[in-house]
Amino acid sequence: QVQLVESGGGLVQAGGSLRLSCAAFGRTFSSYVMEWFRQAPGKEREFVGRITWSGGSTFYADSVKGRFTISRDNAKNTVYLQMNSLNAEDTAVYSCAARKSGVTARYDYWGQGTQVTVSS
């Protein structure tokens, strides 16, 4: 069974940091792009950033650029979202998703999400 499992969420003070993990089980994702999204209460889901599993190239939303970093560990089949300089606007449920490289806006797998709460 293929699964994406996020972890690492929690409560953090403004200005603090958290690292989220997205562990992939059940298959290899070498031909996939891994993306992070977030959804705050009452708001639409927002793209945060992505990384290609094979080459490791990244792309970020303007709202997180310079503060968030996505990386991956091929040996652990895990993608990370390092979040620094957090503020209240970063409070949301963060989810990872996987889509085939070259296929846009169609995701084969989603994680269950992990809550990040930033207190001001």
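Predicted model: local features only at pLDDT ≥ 70, side-chain atom pairs only at ≥ 80, totals over all residues.

Student: How many disulfides does the structure hold?
Tutor: One, counting a pair of cysteine sulfur atoms within 2.5 Å as a disulfide. Cys22 is joined to Cys96, with 2.1 Å from S to S.

Student: And which parts does that pair tie together?
Tutor: Cys22 sits in strand β3 (residues 18–25) and Cys96 in strand β9 (residues 92–100), so the pair ties together parts that are 74 residues apart in sequence. Strands here are DSSP runs (E, at least two residues), numbered from the N terminus.

Student: Is the disulfide right-handed or left-handed?
Tutor: Right-handed, because the torsion about the S-S bond of Cys22 and Cys96 is about 70°.

Student: Are Cys22 and Cys96 buried or exposed?
Tutor: Both are buried. Buried means under 20% relative accessible area, exposed over 50%, and partly exposed in between (1.4 Å probe, protein chains only).

Student: New topic: how many residues are in the largest nonpolar core?
Tutor: The largest nonpolar core has 30 residues, and those with the most contacts inside it include Leu4, Trp36 and Tyr94. Such a core is a set of buried Ala, Val, Leu, Ile, Met, Phe, Trp, Tyr and Cys residues joined through side-chain atoms within 4.5 Å.

Student: What is Leu4 in contact with?
Tutor: Leaving aside its neighbours within four places in sequence, Leu4 is in contact with, among others, Cys22, Phe29, Cys96 and Trp110. Contact means heavy atoms within 4.5 Å.

Student: Now the backbone. What is the phi of Asn77?
Tutor: Near 55°, a positive value in a residue other than glycine. Most residues other than glycine have a negative phi. Asn77 is in the loop between β7 and β8, and it counts as buried because its relative accessibility is 17%.

Student: What about Ser85, where is that found?
Tutor: Ser85 is in the loop between β8 and β9. Its phi is positive, about 50°, although it is not a glycine. At 43% relative accessibility, Ser85 counts as partly exposed.

Technical notes
Residues numbered from 1 in each chain as written. Heavy atoms only, no water. Helix = DSSP H or I, 4+ residues; strand = E, 2+ residues; numbered from the N terminus.
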